[in-house]
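Subject: Structure handover

Hello,

Here is the structure for you to take over. My notes on it follow below.

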Amino acid sequence: MRAFLPMSQIPAYRQSLVLIFAALVAVPALAAETPLFKLVARDGVFEPTVIEVPAGKRVRLEIHNEGKTAMEFESRDLKQEKIIPPGGKATVTIGAMKAGEYRFFDEFHEKTGQGKFIAK
Amino acid sequence: MGNALFIVWRESAEAMLVVGILYAWLRQRPDAATGMRYLWGGVAAGAALAISLALVMLGIASSLSGNALDYFQLAIVLVASGLIVQMVFWMRRHARTFRKDLESSMARNARAANWWGLLIVVALAVGRETAETVVFLYGLAAQKGGIANLPIVLVLGLALAFGTFWLLQQGSRVLSWRLFFRVSEMLLLLLAGALLVSGIEKLIALDVLPALVDPVWDTSRLLDDSGRIGGLIASFTGYRARPALLPLLVLIAYWVTMWTFLGRTGRPAASAAKPATAPTAGAAREPLPRAEHH
């Protein structure tokens, strides 16, 4: 039962320990050589809509919102979520993908804003 | 315009669900006046949180840079998920016993402890998604001619949000109290589960936890989680077309736990006291009403 304590009931110092640990893990991973890909979003239009990435390797994705409206880059397949205001950019790091297809979309323009990674 | 309104509604639906259910529930209580103060306090705090988060997202305030915002959002979803569950336990306990509780002023004082839990859960529910609405509306306003559209979207969006709230209140009148309570409990538990899944996924994305197997299966042809309907279902239930094993296991464990403690109507209150004994959360201090020990 104790295992099911809500986060709020874990003492604050333990929560910060978790965060520090997380940061220690995340920073070296970021520093390692990771290929960078670029994605441009313009009000629900992705360019490119298909991004080929190497399988089994972490990649970084630099998303530029060149549209006039805000966008939310989201990929349930890759567990990414990033809101980007018009004219803004953001970089996300994506864990190694097995060969296959991984969809992403713009949650503010989901009708047209759909794209995918193809890991080879 | 339709798309903008849909987004405003979708982003406000979570807040409306939490606020609407708590409002309907509090209204039934003899100490409603106190509870309402905390409820609206939570809404105000949530609005403040939303605006500060939005400023960070827009890059206007850069006190939280890069990963820090991710970790902050992670903390918000996990805390919100835990507090919603706690709220359901709390409501369940008091739905059955509050008349007896009121006889003892001590119990009434003790209950005050959870008003803060209520305030926080409301603030997080309101703040989390409203921040995205603010960024979205900002983008709309920044658009050429967008300023003209903004008041219309704002008014209609608020009307939609209020409509959702009103529907919930009607639900509490039309349905029997027991049924309304059941349905809202289920909606809250589904939402908490969805938040939990999203928190675990953020931890995987941040490399803190392993995905184990990813994906376990693919049901995107049956129900796509990247579309409008599927996306909505995903945000409110934790559904994933291509789930990773770890969040899936966590969700299963979550529902088994909920079913164990809330599913059997015979003795939910006795078990409900247990998760509430840790020190920090407000409700925790509340002693289990004696009447509950059989």
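What share of the 120 residues in chain A is buried? Buried residues make up 36% of them; a residue is buried if 20 or more other C-beta atoms lie within 10 Å of its own, exposed if 12 or fewer, and partly exposed in between, with C-beta atoms placed from the backbone.

Some conventions before the rest. This is a predicted model, in which local features need pLDDT of at least 70 and side-chain atom pairs count only at pLDDT 80 or more, while totals for chains, interfaces and linings use all residues. Residues are numbered from 1 along each chain as its sequence is written, and chains are lettered from A and ligands numbered from 1 in the order in which they are written.

Chain A

The secondary structure of chain A consists of one helix and nine strands, in the sequence order α-β-β-β-β-β-β-β-β-β. Helices (H or I, at least four residues) and strands (E, at least two) are DSSP runs, numbered from the N terminus. Of the contacts in chain A with a separation of 6 or more, 59% are between residues 24 or more positions apart; two residues are in contact if their C-beta atoms, placed from the backbone, lie within 7 Å.

Five strands of chain A form an open sheet with mixed pairing, in the order β3-β9-β8-β5-β6. Two strands pair if DSSP finds at least two bridges between them. At the edges are β3 (50-53) and β6 (80-84) of chain A, each of which pairs on one side only. From one strand to the next the twist averages 20°; axes are lines fitted to C-alpha atoms, for helices over the stretch in contact, and angles run from 0 to 180 degrees between N-to-C directions.

- β3(A) and β9(A) are parallel and share four bridges; A:Ile51 is opposite A:Phe117 in β9(A).
- Strand β8 (residues 100-106) of chain A runs antiparallel to β9(A), with six bridges between them; A:Glu101 has A:Ile118 in β9(A) as its bridge partner.
- Strand β5 (residues 71-75) of chain A runs antiparallel to β6(A) and is joined to it by five bridges; A:Glu74 is opposite A:Glu81 in β6(A).

Which residues of strand β9 (residues 114-119) of chain A are on its covered face, and which on its uncovered one? A:Gly115, A:Phe117 and A:Ala119 are on the covered face, whereas A:Gln114, A:Lys116 and A:Ile118 are on the uncovered one. In a regular strand the side chains alternate between the two faces of the sheet.

Two loops of chain A have backbone details to note. In the loop between β1 (36-42) and β2 of chain A is A:Asp43, whose phi is near 45°, a positive value in a residue other than glycine. A:Asp43 counts as partly exposed because it has 19 C-beta neighbours inside 10 Å. In the loop between β2 (45-47) and β3 of chain A is A:Pro48, which is joined to A:Glu47 by a cis peptide bond with omega about -5°.

Chain B

Chain B has nine helices and zero strands. Of its 294 residues, 44% count as buried. Among contacts in chain B between residues at least 6 apart in sequence, those joining residues at least 24 apart come to 79%.

How do helix α1 (residues 2-27) and helix α6 (residues 177-205) of chain B pack, and at what angle? The angle is about 140°, and the axes are 11 Å apart. α1(B) and α6(B) are therefore oblique to each other; angles under 35 degrees count as roughly parallel, over 145 as roughly antiparallel, 65 to 115 as roughly perpendicular and the rest as oblique. In α1(B), B:Glu14, B:Leu17 and B:Ile21 meet B:Ser184, B:Leu187, B:Leu188 and B:Leu191 in α6(B). The residues of this contact comprise five nonpolar, one polar and one charged; Ala, Val, Leu, Ile, Met, Phe, Trp, Tyr, Cys and Pro count as nonpolar, Asp, Glu, Lys and Arg as charged, and the others, Gly among them, as polar.

The loop between α6 and α7 of chain B contains B:Leu212, which is not a glycine but has a positive phi of about 70°. B:Leu212 is partly exposed because 13 other C-beta atoms lie within 10 Å. B:Pro215 lies in the loop between α6 and α7 (228-237) of chain B, and a cis peptide bond joins B:Asp214 to B:Pro215, with omega about -5°.

Regards
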